[in-house]
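Before reading on, take a moment to look over the whole model and then follow the description one part at a time.

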Amino acid sequence: MATVTEPTGSTAVGTATSGRTGGWLRSSAAQALLVFVVLVAGYWVTRLMGEPSWAGGFPTGPGDRFMAWLDQVYAWIVANRNDSPLFLYFFNYISVGLGSAVVLINQALDFLTWAGVTALGLFTAWRVAGWRVALLVLATFAVFALTGLWTESMTTLALIITSVFIALLFGLPLGILAGRSEMFYRGLRPVLDFMQIMPAFAYLLPFVLLFGIGNPAAAVVTAVYALPPVVRITALAIREVPQGAIEATTSLGSTPWQMLTKVQLPMAKRTILLGVNQTIMLAVSMVVIASVIGAGGLGDAIYQALAKVNVGQAFQAGLAIVMLAIAMDRVTGAVGHGTRTPNIPERYRMPLSAAGLAVIILVTAIGRLFGLGAWPRDLSIDIATPVNIAYEWVQSVIGAYTAALATWTLNWILSPLDLLLSGSPWWLVVIAATALGWIFAGVRVAIVSAVSFLVIGLLGVWDNAMDTLSQVLVASLVTIALGVVIGVLMSRNDVLAAILRPVLDAMQTLPPFVYLIPAVALFGIGRIPALVAALIFALPPVIRLVNDGIRGVATGSVEAAVSQGSTKWQLLTKVELPMARGSLLLAVNQGIILVLSMVVMGALVGAGALGNDVVVGLAQNQLGLGLAAGLAIVCLGLFLDRVTQGRRAPRA
Amino acid sequence: MSTQATEAAPAAGASDVTFSVRNLWKIFGKKADTIIGTELERADRDRIKEETGCTVAVRDVSFDVRPGEIFVVMGLSGSGKSTLIRCLTRLIEPTSGSVRLDGEDIEQASDQRLRELRRHKMAMVFQHFGLLPTRKIIDNVAYGLEVRGMPRPERYARAQEMIDMVGLNGYEYARPGELSGGMQQRVGLARALAVDPQALLFDEPFSALDPLIRRDMQNEVVRLQRELNKTAVFITHDLQEALKLGDRIAIMRDGELVQVGTPEEVVGRPANAYVADFTSDVARTTVLTARWLVRDAYPEERTDGPTTEPGTVLAEVLPMLAASTAPVRVVEGDTLLGYVGRDDVLRAIAEDQLEGADQVAAIVEETVEEIPDEAIDHGGATPTGDGG
């Protein structure tokens with residue numbers, strides 16, 4: 001005990017007195033290192049003492065009771081789903097309604113036949129985004145058809161349409177309210193912040209509880225997950241309408257409603273559409289993840305293929321989703337930007353739309369006449385087999401190396417860290433987390449950290465949470481290190497920047513789910529592919545933030561430093577990186593949050609830990625375990641976010 | 001001295017006054033209502049800020065605007081003039097005091113009634129135009145009519161009329177972003193005129209424009225004023241603009257009105273050192289008129305000089321004096337008002353030439369004594385110590 005408290009105490013003193021006195025102890029990094037050393041020391045001390053009972057993992061009693069209670073709740077819900085008025089008249093209605101909505105849209109798409117859907121998609125894309133995007137849409141439909149996944153694609157599309165509709169139905173009014181009422185905005189903002197750090201996987205279970213497994217739960221969870229951007233950006237857009245326009249129209253006697261409909265909404269329209277675009281993109285990523293709770297379509301195809309480690313099949317479905325995501329982004333983004341929209345004189349617009357509609361109807365009629373429906377499966381090209389052959393070949397060539405790399409990482413980094421976290425006395429880990437919160441972000445975050453870790457313990461998923469945490473830490477370190485290096489290089493080299501930028505753009509529009517596919521292709525299943533997927537997923541925003549941060553450093557400061565004879569290295573370390581500190585900290589924060597959300601998803605490729613508890617909870621009807629794991633993920637997210645956000649205000 | 005007489009008369013009746021502002025205060029801050037009525041209300045701005053955290057923007061302002069006149073409020077930035085004009089249409093709620101439009105207390109109006117007043121009786125023109133970039137010019141101009149509920153054909157006809165009047169014919173279907181600053185402000189003007197308001201409120205409407213365009217727009221306002229005979233309250237920080245447009249000018253400093261008077265009074269008889277300093281760069285000969293200097297004939301003075309009207313500025317009187325040794329006779333209609341001699345004009349010119357704070361202060365002390373009833377800035381520091 002003495003070994004523990006003493007150094008931790010001195011850390012605290014170091015922090016408290018930091019400012020004037022103290023040497024190297026003043027730096028946060030040194031303090032964090034000290035915390036780590038104490039943790040390691042604590043681990044060995046208790047180990048050498050023969051792991052006494054007071055120095056083990058978190059007691060499982062409360063967690064077991066909690067899960068048992070959750071299981072009872074679930075059992076009650078299952079038993080009463082068809083009698084309780086709450087379910088009978090509320091959730092079941094919503095469930096049936098949503099289910100029917102998805103089915104209805106799906107049927108509508110079926111009715112149009114593949115020809116009609118393609119005509120509709122092409123015309124819409126051309127009208128709002130120009131012929132290049134229309135070609136992209138054509139390519140997308142071609143991929144749907146030729147991979148033999150037309151039906152799945154239409155299901156996914158129907159799910160996206162339904163959930164985006166729900167998200168907008170609630171999101172737009174909320175955003176408008178928040179845009180017009182300061183008080184409402186202040187109340188809503190922390191909720192939105194919280195929703196955005198919550199990993200997608202943590203959303204799944206509560207909705208299963210309410211709606212059961214299937215499309216309705218998937219539609220609702222997708223809508224909820226996709227809600228924040230449209231609310232936030234609508235509020236922002238309305239608040240950003242110039243004061244001058246508001247004053248002028250007020251002085252002419254507008255009513256509040258006239259102000260909204262004639263001034264605020266028209267002027268905020270483009271920005272709001274960008275929010276809608278982001279919401280749609282979130283919906284695309286979530287709809288795929290929701291295959292875990294029974295959403296059909298392309299996500300399910302990947303899910304099934306990954307379960308069988310059939311890289312070829314996963315690749316096919318992944319390709320379809322990637323095309324869908326990029327096409328959706330380009331079409332809906334163009335509406336917001338309005339740059340690529342063909343410039344059609346106003347008087348031709350109506351006739352043109354009518355003509356387009358006529359063509360779509362005609363194509364559909366012809367399609368139905370010839371008895372077309374979904375694109376016939378036997379007219380598809382088998383991509384899976386060649387991909388699988390390529391995969392085998394790659395495996396035979398580099399498989400040994402990747403396997404060696406994986407094993408080395410596992411044995412020398414991941415497992416020791418996991419052992420340290422789950423093998424140390426639980427209270428020492430809680431203290432370490434608290435100390436880190438204090439060092440990086442002050443007293444309030446220290447309290448948040450302590451509470452988060454205690455809750456994780458009380459939920460009864462301590463060991464798995466420590467496993468997840470160790471994965472997150474390792475993947476984050478690699479991501480941030482690589483991201484900073486690439487970001488710095490990109491900021492130095494315009495050619496590299498020109499090449500990387502569109503790649504990063506494209507990577508950021510893809511649903512995270514598909515990153516699992518290359519990771520599995522290279523590293524098989526287990527914790528390592530999950531880390532690799534997290535790395536690929538989190539790297540683009542980190543690179544981008546570092547690059548933008550350095551490029552954003554004032555030219556004047558750079559010129560001044562160069563004129564005084566700085567070397568390039570001095571310029572980077574003494575001027576650019578310190579001045580880009582805000583962006584760098586944001587990069588660290590974003591990187592870690594994205595890594596966490598991906599690492600838990602890694603359970604689908606055998607990464608185990610908390611994500612696996614969620615999957616097992618779903619698959620084996622152990623909702624207690626699943627929900628507890630979901631809550632623990634939220635706690636971890638909260639801890640990681642708050643600690644890396646640092647102090648809101650700089651030290652006085 | 002007819003100018004002075006009209007100035008001094010307090011407007012008691014409502015019918016001959018468009019705007020009547022009495023004891024208007026606007027204080028920004030959380031404790032705004034706790035200041036008025038306490039001894040703190042006399043304290044200067046900095047002290048109030050220090051003690052309560054509140055900012056006094058408009059302090060105990062009273063004035064009347066008569067029908068058909070252009071009433072200019074002039075002051076430097078931060079003097080509270082923009083806040084003042086916003087209080088007139090309640091874009092900013094005053095902290096206390098009353099504003100009457102045609103005898104109706106605007107402060108007491110319900111939301112509904114206030115909207116009616118804004119839709120029919122007063123319209124405002126803004127420094128940064130406040131146009132809606134999403135709407136075509138004609139829809140911008142018609143906005144006030146649209147929110148009244150006027151059907152489209154009618155409001156378009158009316159808007160078209162206004163667009164023609166401000167000379168934007170042909171730009172009806174353009175968007176504000178395609179127009180230059182001067183043209184955009186013409187749209188702002190047309191929009192305000194479209195609702196046919198009784199009073200126009202101008203908030204530094206030409207400050208954002210180039211000097212040349214600014215001159216055009218000033219002429220435009222003078223022209224429209226003459227044609228339409230609207231009452232206008234015009235905010236500016238530009239003295240030349242104030243002198244050019246104003247029937248009367250109110251000079252504002254630190255939220256208070258320092259002086260209210262005709263351009264001649266402001267230039268010829270500044271109420272205090274601040275106004276004197278402010279107007280010191282103005283060439284008096286271009287502002288002061290014969291009426292201002294008119295006097296009775298001295299004994300044995302020649303009375304056969306050339307005649308002129310009382311509104312002639314001194315710059316135009318000068319050539320007449322040069323041509324004859326006799327003083328100019330100032331005649332209004334058939335009545336002889338009096339004489340203006342070389343010495344009178346020379347004195348006015350001499351005042352222009354004076355430079356340096358001491359001399360200005362000396363003049364001011366002299367003039368201040370002559371003006372009994374003017375609002376004098378007691379708390380204000382005199383610029384004597386500046387040392388030119």
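Predicted model: local features only at pLDDT ≥ 70, side-chain atom pairs only at ≥ 80, totals over all residues.

Residues are numbered from 1 along each chain as its sequence is written, and chains are lettered from A and ligands numbered from 1 in the order in which they are written.

Chain A holds 25 helices and 0 strands, where helices (H or I, at least four residues) and strands (E, at least two) are DSSP runs numbered from the N terminus. Along the principal axes, the C-alpha atoms of chain A fill a box of roughly 85 × 60 × 60 Å. Among the contacts in chain A with a separation of 6 or more, 80% come from residues 24 or more positions apart, two residues being in contact if their C-beta atoms, placed from the backbone, lie within 7 Å.

How is chain A divided into domains? Domain 1 takes residues 1-55 + 383-652, and domain 2 takes residues 97-292 + 320-379, with bounds that come from an automatic or database domain assignment. The centres of these two domains of chain A, taken over C-alpha atoms, are 33 Å apart. Their contact draws 26 residues from domain 1 of chain A and 22 residues from domain 2 of chain A. On the domain 1 side, the elements that give two or more residues are helix 18 (494-509), helix 23 (581-601), helix 24 (609-619) and helix 25 (623-645) of chain A, and helix 25 of chain A gives the largest share, 8 residues. By class, this side of domain 1 has 18 nonpolar, 7 polar and 1 charged residues, where Ala, Val, Leu, Ile, Met, Phe, Trp, Tyr, Cys and Pro count as nonpolar, Asp, Glu, Lys and Arg as charged, and the others, Gly among them, as polar.

Chain A also touches chain B, with 15 residues of chain A in contact with 18 residues of chain B. Two or more residues on the chain A side come from helix 9 (243-251) and from helix 10 (256-289) of chain A, and the largest share, 7 residues, belongs to helix 9 of chain A. This side of chain A has 6 nonpolar, 8 polar and 1 charged residues.

In chain B, strand 1 (residues 19-28) and strand 4 (residues 96-101) run antiparallel and are joined by 5 bridges; two strands pair if DSSP finds at least two bridges between them. Within this pair, B:Val21 has B:Val99 as its bridge partner. Strand 4 of chain B also pairs in the antiparallel sense with strand 5 (residues 104-105) of chain B, over 2 bridges, and here B:Leu101 is partnered by B:Glu104. The hairpin of strands 4 and 5 of chain B has 2 residues between the strands, and B:Asp102 takes a positive phi near 55 degrees.
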